[in-house]
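User: I would like to go through this protein step by step. Could we begin with the terms and then look at individual residues?
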Amino acid sequence: MFRRDLLAKVSLLEQEEISYLKDRAEDGKDFCYIPVPEARFIVLWPKDADTMPQGELLEKIRVTASRILDKMRDEKIFKTTVVDHSWQSAEGVSAFMEGLYLGAYRFDTFKKEKKEKFSFNLESDTLDAKALGRIEDVCKEVNRSKYLIDLPFSALNAKQLGEWAEKDAEDLGIKVEVWPYAKIEKAGMGGLLGVNQGSVDKATFTEMRYKPAKAVNKKPIVLVGKGIVFDAGGMNIKTGSYMDDMKTDMAGAALAMGIIRAAARLRLPLYIVALLPATDNRLNGNALVCGDVITMYDGTTVEITNTDAEGRLLLADAVAYATAEYSPMLTVSMATLTGAASRALGSQGIAAMQQGADQYVDALLQSGERVHERLCFFPMWKEYDKELDSDVADIKNCGNGPAGMITAAKFVQYFAKETPFLHLDVAGVEFLHKKDAYRGPGATAFGIRMVLDFLQKLC
Ligand code: BES
Ligand code: ZN
Ligand code: ZN
């Protein structure tokens with residue numbers, strides 16, 4: 001990585017390389033690749049780096065790193081040392097390494113031919129080994145969550161999701177309890193149990209707790225992640241190709257797990273809880289049907305008007321449990337919840353909604369820009385409440401159509417009562433059929449780096 005204005009001072013380059021680079025620098029290209037005297041990739045900082053918004057610059061650097069990775073794949077180079085001569089910012093070098101680590105992920109579990117694993121070294125005066133280790137820690141968790149999202153239902157059912165939560169959690173200082181089914185029944189989590197009625201596997205409810213001695217918050221931040229390991233839609237079965245990618249419907253749970261694990265790796269002084277209600281949404285003779293009325297953890301009755309609006313039912317139970325048990329500083333619900341969110345923003349951003357959490361909005365938006373996992377806030381006006389009015393129960397699980405991401409968020413928020421509540425509908429961003437720079441193909445675990453960046457600000 002070089003700064004254009006300092007190019008001439010870099011003595012380790014061949015004269016030929018310097019003049020080539022200078023030419024290219026005039027073109028305004030972000031990076032160039034020089035095939036002589038041996039495989040080398042030379043990155044130039046963008047010309048307008050100093051005037052560009054920080055988020056945009058950092059993203060350009062990540063994308064550049066992933067393009068170099070593509071070239072390396074083509075040339076079968078799997079080991080590389082990044083030499084930083086930028087004398088620029090630690091953040092810039094971090095972004096470059098992030099682009100490499102994230103772009104290196106490939107899902108090859110079920111392939112005969114395994115992809116080669118990359119390994120990266122960094123020589124830098126701007127970013128020390130400890131700082132690099134932190135980036136590696138975060139990317140490791142992002143890639144682990146991507147892996148869980150990529151796993152098909154045949155390899156990841158509700159029980160297996162709980163087992164992944166338990167794996168080496170103790171070493172990280174996280175306490176995990178996968179509730180026995182009887183405990184879910186006894187607690188009366190009618191939402192989770194209702195969706196689970198249509199399955200041949202038992203639902204699980206996983207509680208992860210990270211409570212460092214020096215935590216700055218007494219009340220925890222509770223992350224609630226939708227753990228639908230497969231969404232067939234239930235009796236309102238998904239038609240056409242709408243079912244194709246529904247192994248990814250546990251992405252919310254994977255995000256929550258990734259965030260709490262990364263926070264623990266970074267030893268953030270924050271008390272964090274992650275709740276992962278999990279089941280598949282299939283159908284059998286016992287599946288929920290429309291018109292059914294279920295009773296939730298907090299006693300609220302819910303009329304089912306669409307069995308494909310299942311995620312909110314599990315989230316609601318977990319949010320109600322969090323509210324009663326922890327009285328959270330902030331509840332964050334994360335879910336691939338609605339097609340409406342995906343239609344509104346495509347794969348470019350998270351549909352966010354909040355109630356009573358206005359004080360965090362600016363910080364969240366800034367974190368989104370910085371790590372390029374952006375959010376867009378939708379309103380939670382009280383007029384939307386009536387969409388959930390039911391003639392037979394306290395509320396119904398589904399609005400009447402428009403503003404689907406908002407009515408879904410309204411439903412979940414109902415169970416948070418007065419607790420500060422943030423809802424991230426990630427339906428559009430968790431899975432890409434086509435690779436986009438360092439994201440995909442496949443799972444993205446979009447949102448982990450944004451929430452972590454935000455959490456770091458609270459410390
Ligand atoms: N898991 C889906 C939402 C989804 C759609 C996730 C596309 C990822 C990509 C959710 O359970 C669902 O089916 N939502 C319905 C709700 C509707 C019945 C009110 C939807 O959005 O169509
Ligand atoms: Zn559904
Ligand atoms: Zn779903």
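Analyst: Let us begin with a term: helices (H or I, at least four residues) and strands (E, at least two) are DSSP runs, numbered from the N terminus. Glutamate 430 sits in the loop between strands β16 (421-425) and β17 (431-432). Please keep in mind that this is a predicted model.

User: Is glutamate 430 buried or exposed?
Analyst: Glutamate 430 is buried, because its relative accessible area is 1% and buried means under 20%.

User: What does glutamate 430 touch, apart from residues up to four places away in sequence?
Analyst: Glutamate 430 touches Ile149, Ala251, Leu255, Thr336, Gly442, Ala443, Thr444, Ala445 and Phe446. As for a distance in space, the C-alpha atoms of glutamate 430 and isoleucine 350 are 9.7 Å apart, although 80 residues separate the two in sequence.

User: Let us step back. How many helices and strands does the protein have?
Analyst: The protein has 14 helices and 18 strands.

User: How does the radius of gyration of the protein relate to that of a compact globule?
Analyst: The two agree, because a compact globule of 459 residues would have a radius of gyration near 23 Å and the protein has 23 Å. Along the principal axes, the C-alpha atoms fill a box of roughly 80 × 45 × 45 Å.

User: Which domains does the assignment give?
Analyst: The domain assignment gives domain 1 (2-127) and domain 2 (140-458). Their C-alpha centres lie 36 Å apart. Between the two domains, 19 residues of domain 1 are in contact with 19 residues of domain 2.

User: What share of the residues count as buried?
Analyst: Of the 459 residues, 57% count as buried. The accessible surface comes to about 19600 Å², and carbon and sulfur atoms account for 49% of that surface.

User: And what share of the contacts with a separation of 6 or more link residues 24 or more positions apart?
Analyst: Such pairs make up 76% of those contacts.

User: How far apart are the mean positions of the positive and negative charges?
Analyst: They are 2 Å apart, with 58 positive and 65 negative charges in the protein.

User: Back to single residues. Where is glycine 99?
Analyst: Glycine 99 belongs to helix α3, which covers residues 90-103. With a relative accessible area of 0%, glycine 99 is buried. Not counting residues up to four places away in sequence, glycine 99 touches Arg62, Ala65, Ser66, Leu69 and Tyr438. The C-alpha atoms of glycine 99 and cysteine 139 lie 9.4 Å apart in space, while the two are 40 residues apart in sequence.

User: Where does threonine 206 lie, then?
Analyst: Threonine 206 lies in strand β6, residues 204-210. Threonine 206 counts as buried, because its relative accessibility is 1%. Leaving aside neighbours within four places in sequence, its contacts include Gly162, Ala165, Val176 and Leu276.

User: What about alanine 309: where is it found?
Analyst: Alanine 309 is found in the loop between β11 (301-303) and α10 (311-326). Its relative accessibility is 7%, so alanine 309 counts as buried. Beyond its neighbours within four places in sequence, alanine 309 is in contact with Asn397 and Cys398. The C-alpha atoms of alanine 309 and leucine 283 are separated by 14 Å, and the two residues are 26 apart along the chain.

User: A change of topic: which residues does a cis peptide bond join?
Analyst: A cis peptide bond joins glycine 440 and proline 441, with omega about 5°. Proline 441 lies in the loop between β17 and β18 (442-443).

User: Why point that out?
Analyst: Most residues other than glycine have a negative phi, and most peptide bonds are trans.

User: What is phi of lysine 76?
Analyst: Phi of lysine 76 is near 55°, a positive value in a residue other than glycine. Lysine 76 lies in the loop between α2 (54-74) and β3 (79-83). Its relative accessibility is 64%, so lysine 76 counts as exposed.

User: And what is phi of lysine 417?
Analyst: Phi of lysine 417 is near 50°, again a positive value in a residue other than glycine. Lysine 417 lies in the loop between α13 (404-413) and β16. At 49% relative accessibility, lysine 417 counts as partly exposed, because exposed means over 50%.

How values were computed. Residues are numbered from 1 along each chain as its sequence is written. Chains are lettered from A and ligands numbered from 1 in the order in which they are written. This is a predicted model: local features need pLDDT of at least 70, side-chain atom pairs count only at pLDDT 80 or more; totals for chains, interfaces and linings use all residues. Side-chain values use heavy atoms; hydrogens and water are left out. Buried means under 20% relative accessible area, exposed over 50%, partly exposed in between (1.4 Å probe, protein chains only). Contact means heavy atoms within 4.5 Å. The radius of gyration is taken over C-alpha atoms; the globule rule is 2.2 Å times the number of residues to the power 0.38. Accessible areas come from the Shrake-Rupley method with a 1.4 Å probe; for residues, only the protein chains shown count as cover. Lys and Arg count as positive and Asp and Glu as negative; His and the chain ends are not counted. The place of a charge is taken as NZ of Lys, CZ of Arg, CG of Asp or CD of Glu. Domain bounds come from an automatic or database domain assignment.
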